[in-house]
Amino acid sequence: MNSVESSKDFEQFRDDLDAVERRVAGEIDPGVRAMVVAGAVFVLLVSLVLPHAGTARGFDVLLDTSAASFEHIGLPSRIFVWFVVIFSIGFSLLALMTRRWALAWIAVAGSAIAGAFGVFAIWHRQTPGVGGPGGANYYGAGPGIGLILGALAAIVLTFHWVRVVWSRTALQLAAEEQRRIAAAAAEERDRRRLMGE
């Protein structure tokens, strides 16, 4: 078999190899951080059962129950809990199960926003408004252990997801290098063909 025949045989599988390379490039390998991410997701689930303010638990805030109304749960806490459920828990679990890079980035973005709103919700619970119903000051319960634990877990989750999605495996780096070399060779071949060399 000469080099022309082997080149034709290789070109026959080029599309398959490119598809596999693109699939590998779109995957993440969290390694040991997968356990940290899974642990943070578990802590977030536990934080939904614990009190966020007074008698209002995380699920009360999520479902807007009478306990949440009684504790005067504000918008920052509601946004925090929804972002935790959708992004920090939902997309994190999807990203861990599928190992897809795009899902991990969505989990990063949502968890970062959740962490910011968690800190804002804690601050909001510590600064009650003046001039509530009937002109009287209202005194609400401060932030509960569930809110504090959830905010910290969202921040930890964001940190570890960022480390996962920014790390590239040696296989991905080698595949990118091979793709650059092949693209440069194809460009040179096309240039020579067009120039008649």
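H3 passes H6 in a left-handed crossing, where left-handed means that the near helix is turned anticlockwise from the far one by less than a right angle, and right-handed that it is turned clockwise. This is a predicted model, in which local features need pLDDT of at least 70 and side-chain atom pairs count only at pLDDT 80 or more, while totals for chains, interfaces and linings use all residues. Residues are numbered from 1 along each chain as its sequence is written, and side-chain values use heavy atoms, with hydrogens and water left out.

**H3 with H6**
- Helix H3 (residues 33-49) and H6 pack at an angle of about 150°, with their axes 10 Å apart; axes are lines fitted to C-alpha atoms, for helices over the stretch in contact, and angles run from 0 to 180 degrees between N-to-C directions.
- H3 and H6 are therefore roughly antiparallel to each other, a term for angles over 145 degrees.

**H6 with H7**
- Helix H6 (residues 75-98) packs on H7 at about 155°, the axes being 8 Å apart, and the pair is therefore roughly antiparallel.
- The crossing of H6 past H7 is left-handed, and the residues of this contact divide into 18 nonpolar, 8 polar and 1 charged (Ala, Val, Leu, Ile, Met, Phe, Trp, Tyr, Cys and Pro count as nonpolar, Asp, Glu, Lys and Arg as charged, and the others, Gly among them, as polar).

**H7 with H8**
- The axes of helix H7 (residues 101-126) and helix H8 (residues 145-166) come within 8 Å and cross at roughly 150°, so H7 and H8 are roughly antiparallel.
- The residues of the contact of H7 with H8 comprise 20 nonpolar, 4 polar and 1 charged.

**Surface**
- Val119, Ile148, Leu152 and Ile155 form a nonpolar patch on the surface, with about 330 Å² of accessible area together.
- H8 gives the most to the nonpolar patch, with 3 residues, whereas Val119 is found in helix H7.
- Patches consist of residues with over 30% relative accessible area and no salt bridge, with nonpolar side chains (Val, Leu, Ile, Met, Phe, Trp, Tyr) joined within 5 Å and like charges within 9 Å; accessible areas come from the Shrake-Rupley method with a 1.4 Å probe, and a salt bridge is a side-chain nitrogen of Lys or Arg within 4 Å of a carboxyl oxygen of Asp or Glu.

Definitions and conventions:
Helix = DSSP H or I, 4+ residues; strand = E, 2+ residues; numbered from the N terminus. Parallel < 35°, antiparallel > 145°, perpendicular 65-115°, else oblique.
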